[in-house]
Structures are given as C-alpha cells and as structure tokens.
Amino acid sequence: MDIKAAAHLFDIPTGITYLNCSNMSPQLKSVTAAGLDAVRIKATPWTLTGANWFSSAEELRTLAGKVLGTGAASVALVPAVSYGMAIAAANVKINAGDSIVLLAQAFPSNVFTWREAARKHNAKIVTVERQPSTGWTEAILHAITDRTAVVCVPRCHWMDGSVVDLDRIGERARQVGAALVIDASQSLGAVPLDIARIQPDFLVAVGYKWLLGPYGLSYLYASPKWQQTGVPIEQSWMPRRGSSDFTRINEYCDEFQAGARRFDMGQFTQFVLAPMASAALQQILDWGIPSIEQSLSYLTDEIAQRAVAAGYDIAPAEQRSRHMIGIRFRNGLPAKLADALSAAKVYVSIRGDSVRVSPHLYNDIADIDRLFAAIASCV
C-alpha cells in the first residue's frame, strides 16, 4: 500500500511529526467516532438489552482472535499487561529453586510480577543481557536450563526494537518443560506473529499502542491447556456459563464460559471502550499486518541508513524489528536533544540511552527529514 494513504484517517495537525506509536498511538477518526456513538448510547440505558452486555465484547474478542490468528475462544479481555501477567503467574508451575528468565531492562510490568512470583515460590530471577555480536536470542537460549520454570520475553525489546526469535525460544522452552509467557505490546498489530508455531502458554498485549485502540483495554491469549484448567484471579459473574440470562444469575453457576473467557476481567463489557477498540482492530485487519510491517520497514530502513551515515549507532539489521528502531550516540545523549525535538514538534521516546523511533502509516519521509534535522541541530 501507499505509505502516505493512511494519514487522512488520523487527526494529526500539520507541523506535528509523531514518531512515537510505541508510546501511544494517535487515534483513528473511526475510533473517535465509535467512542462518541457509544457515549451517546450510554445516555439512554433503557435501550440496552441483556444481549448488549455481551455482544460488543464478543465482537471485539472475535476481531482480536483474527489479529492473533487464534480465534475468539482463545482471547480474554483484560485491562492491562500487569493483569495478564498476574494470570500467568497464578497458573504456571514454579517450584523452589526454579528459575524465571527475563530480559535485562524488561518493562516493569513484567519484572514486578515475576519478582513477586519468585519470592512466593522461593525461585530465582535470571536476567539475560543482550550480546552485541549475537543479540538477545542466543543469550536467552543459553539461560534456559532444565530448572527453568518460566521464560517471559517480548517479540522485541521495548526500549529499542531489538528482536527476539520467539520460534527458537518457544522450541527450547518446550524442550525443558518451561512455560513461555510473551508480552507482545510492542509488536502485535505491527508485525506478523505465528502463535501456532511459537506455542506460548500466555500472551498479553495492550491495545493502545500498535493496536491503535483506547487506553484501558488489553488482550490475553491463553493456550488450550489453560482454557480448560486455568484459574482466574478474580471471581466475576460475567465469565460464568449462562450469565447472559439475567433471570438465573442468582443460581451461582460455577462453570465458566468456553475458552479463555474464564480469564476475562470484571466489567469486560466496556460499553464505550469496546466499540472503539473494535474499530481500531478492524482497520488493522483491513490493512493487513504484513502490509503494515512492509510499509513501516521502509521508514525504519531509511532511519537506519541516515543514522549510520551520521555516525550514530543502531543494532545490526538482523537484530532489529522492522517497525521500530533505537538510535544511540557514541558520546551519550546530547544535552539539548529533548529541547531540540520539542522545539521542532518532533515526538519520539527517550528510553535509557536510546532514542526510540516508532513510526506508523501516518508518517512519511518528510517526517524522517524533520527528525534528523532536529537531532543535527544539537549534536
């Protein structure tokens, strides 16, 4: 697709260069419209039927299942990554002396969950450092042993987009009987992800980044094993079998609805957020995730070429994801970089020593020109 063809679908004013989708996506006009319509419906609650308490959530679950390539039954609707990680930690088996493998400088929602699990079970955290010559994957594989209980990794590191080979990690985790838990917040919706091949136990992703949806809704994939035996972390009435029949909910059915629905958060209906999230996922499906990745790689490749030409450091091509990129400076971050970017109305993220650049289909080469002009003004 034409990389410029999507800009009109967003409300981004002229003069704004937004290269920060990995922080929070701008809102599609269709998502805003869906939200306004939903707010108006809430003004007349007498028009809502019992079916309405479930229909919008099921529509969203179906779309999320298509994005994941798993089907609706494997998707739970949750509020945040921390919630999904808590479900994973409450279900996977961890014995005393086992190890839990995490990446160095992993996102805090991952780290805090597994630190608490390690404390609870008298296990240990093994923190993997990226090796400059080989990247994350070889270092993770080396850290996985027959005492590894959990491997919690992303598709790419949130600070700079450096990539993890989930196929190889998944295979190794299965060999030693370790649970594989994936935080896909910085990849789902922007790059293809083959869950059938990777075979994670759990995968969670927020909806407000690459999935272009509202803040406050996230998606949890649970493997078939956990759909049958998994224990939720709260006891809501809505995921129970027969809950759509309001005349019988006082019968307190203990059985859950089919699939991963047992892990749904309370109030998962989300009368306003669910229609917004559905509009976002439908647009992603209309574009096609492979096409999104291809278009974004055109921009990140251009960023990489210019960064190298200017003497900045980036990860080798084979260690980079195609939708986001980190730029590092050999003498550290320039003191006036943040001011220069702000003055030029160029929006990126500074994460550690990396300038994280994450474009989407509303960006073009002119945005890359403005980014490098702003950087050049202060180095």
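I began with glycine 71 and found it in the loop between helix 2 (52-68) and strand 2. Helices here are DSSP runs of H or I with at least four residues, strands are runs of E with at least two, and both are numbered from the N terminus.

A note on the source: this is a predicted model, where local features need pLDDT of at least 70, side-chain atom pairs count only at pLDDT 80 or more, and totals for chains, interfaces and linings use all residues. Residues are numbered from 1 along each chain as its sequence is written, and side-chain values use heavy atoms, with hydrogens and water left out.

Seven strands form an open sheet with mixed pairing, in the order 2-8-7-6-5-3-4; two strands pair if DSSP finds at least two bridges between them. Strand 2 (75-78) and strand 4 (124-128) stand at the edges with a single partner strand each, so one side of each has no neighbour in the sheet.

Then I followed strand 2 to its partner. Strand 2 and strand 8 (residues 218-222) run antiparallel, joined by four bridges. Leucine 77 stands opposite tyrosine 219 in strand 8.

Last, I checked a helix. Helix 3 (residues 81-91) packs on the sheet and touches strands including strand 2 and strand 8, where contact means heavy atoms within 4.5 Å.

Note on methods. Axes fitted to C-alpha atoms, helices over the stretch in contact; angles between N-to-C directions.
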